[in-house]
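Please open the structure in a viewer and follow the stops below in order. Each stop gives a selection and then a description of what is found there.

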Amino acid sequence: MKKIIFRLLIALVILVMVLVYRANTAFHDQQLEPATGITEIAINEQLAVQRFSEALTIPTVSYDDRSNFDAAAFTEFRRFLQTNYPLVNQNAALTVVNEYNLVYQLPGSNPSLQPVLFMGHMDVVPVEEITRGNWTYPPFSGTVADGIIWGRGSVDDKFTVIALMEAMELLLTEGVQPERTIYFAFGYDEEVGGSAGAASVAKYFQEQGVAFDYVMDEGGAVTEGMMEGVDQPVAVIGVSEKGYVNLLLTVNAPGGHSSQPPAQTAVGILSRAIVRVEDNPFPAKLDFLYMTIETIGVEMPFTTRLAMGNLWLLSPLVKNSLLKNKDNAAALRTTTAATMVSGSPKSNILPTRATAVINFRILPGETIESVEQRVIELIDDERVVVTSEYGFNPSPVSPVDSRGYELIAKTIRGMDPEILVAPYMVRGGTDAKYFYPLSPNVYRFMMLRIDPDTVGYLHGIDEHVAVVDYLQAIRFYYHLVRQSMSG
């Protein structure tokens, strides 16, 4: 017995040594060297802020109901860009795609080099009328006060559009002549899926036979205080994004009066189906979280390195711990959210038709078809008809060793060497998903600092951005676009 205990103790000591060794050696410094030549540039700050403020006053709102679309607002926004950025409009060819999308082409001197595409979207989400009185300043006022620019779109995503235009105007003021062609593309319906906007632009480029060295859209940001145990800011560059699908569950029944109900009404059958789907979530995978952790692991505390460096043993424990937090869970699995239910129009009428919509955000590796098939198998009831509505599959995963990724990462670190840079999977949807047929190198990032407090303003009440952050974004795009122009 003593020999057995002794052997167990020896095995335990060896195991602990292996765990500690892995914690200290599994991660190494993967941060790229900051770009050189990132110098301070002269910006007419007052004019830049004034133009951004004016852009925010134009209500380029996207609605789910297309009958509410305000074409005049998008026409006005186009005129605003033409008036305020004269050098861009003199030197870059403007093509209007599908009535409202804007594509600028600044030709390079070397046509053998693949061009680079920078993207943003002009549209913003609506402001609920009931919340207008809760805004510090009117949502379409573009008010500038106390170093803050207020208004819908100040972050998502006129921030990107106007900062790019400011950067290009600055470059052209200096007489910069690109070797590589640069494109800007601004969609008009990203907030409702991009099917008439970015999808049309991608089709236009395909018809023109254009392929890109890399594509950059909005999506990532510089996070502060959002990664436990990491004191430095972390810039996350989106290299992939989840897919999306709504599954419609439908149950048909004879109906009748509620005084003579069957054992199960259409609503009852539907309810059981929803519970079965919710009670059987998709399996969790650590691949995409590890992709981020691996890049900044050396800066993380020992306990995190101990866990993430020994997934061969601790993977089940790590998953169980992370899944307790809904934000972490969204990074680990295809999420399930029952969002809409309908039944009888009156309380004493048995429904002849009951429906529900379940929304899924699909992890790369799954597809719309595989999600639909899994749901059908889970429900296992022929009375429940499952059909897919609007959706799109997850994007491919772009490489982190491409010229594009390295340019973005090095420019970020050239702006501030204290910033760590890591790839990540975008949990929401962006226009970037349409551009993989045009380049394998598709990235999502905006030079904006966010923390647990400010992230809540996105799409919400009091959307705003600090003046210093906006000016820093102009500087970032100036340097990134300039570097991208070379061979």
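Select residues 116-121, which form strand 3 of this predicted model. Six of the six residues are buried, so strand 3 is largely enclosed by the rest of the structure. With side chains displayed, Val116, Phe118 and Gly120 point one way, whereas Leu117, Met119 and His121 point the other way.

Strand 6 (residues 182-187) runs parallel to strand 3 and is joined to it by six bridges; within strand 6, Phe186 is the bridge partner of Gly120. Strand 7 (residues 214-217) is also parallel to strand 3, with three bridges between them. Here Tyr214 of strand 7 stands opposite Val116.

Now move to residues 266-278, helix 7. At 1.5 Å a residue, its 13 residues should span 18 Å, and the end C-alpha atoms, 19 Å apart, agree with this. Colour Ala266, Gly268, Ile269, Leu270, Ala273, Ile274 and Val277, the buried residues of helix 7. What covers them? The covering elements include strand 10 (243-252), strand 12 (335-342), strand 14 (353-362), helix 12 (368-379) and strand 15 (384-392).

From that list, select helix 12. Its twelve residues should span 16 Å at 1.5 Å a residue, which agrees with the 17 Å between its end C-alpha atoms. Ile368, Val371, Glu372, Val375 and Ile379 are buried in helix 12. They lie on the same side of helix 12, because they cover an arc of only 95° around the axis. The general principle is that an α-helix has 3.6 residues a turn, so residues three or four places apart point the same way. The buried residues of helix 12 pack against strand 10, helix 7, strand 14 and strand 15. Step past the end of helix 12 to Asp380, which follows it and has a positive phi, near 50°.

Note on methods: Residues are numbered from 1 along each chain as its sequence is written. This is a predicted model: local features need pLDDT of at least 70, side-chain atom pairs count only at pLDDT 80 or more; totals for chains, interfaces and linings use all residues. Side-chain values use heavy atoms; hydrogens and water are left out. Helices (H or I, at least four residues) and strands (E, at least two) are DSSP runs, numbered from the N terminus. The expected span of a helix is 1.5 Å times one less than its number of residues. Buried means under 20% relative accessible area, exposed over 50%, partly exposed in between (1.4 Å probe, protein chains only). Contact means heavy atoms within 4.5 Å. The arc is that of the directions from the helix axis to the C-beta atoms. Two strands pair if DSSP finds at least two bridges between them.
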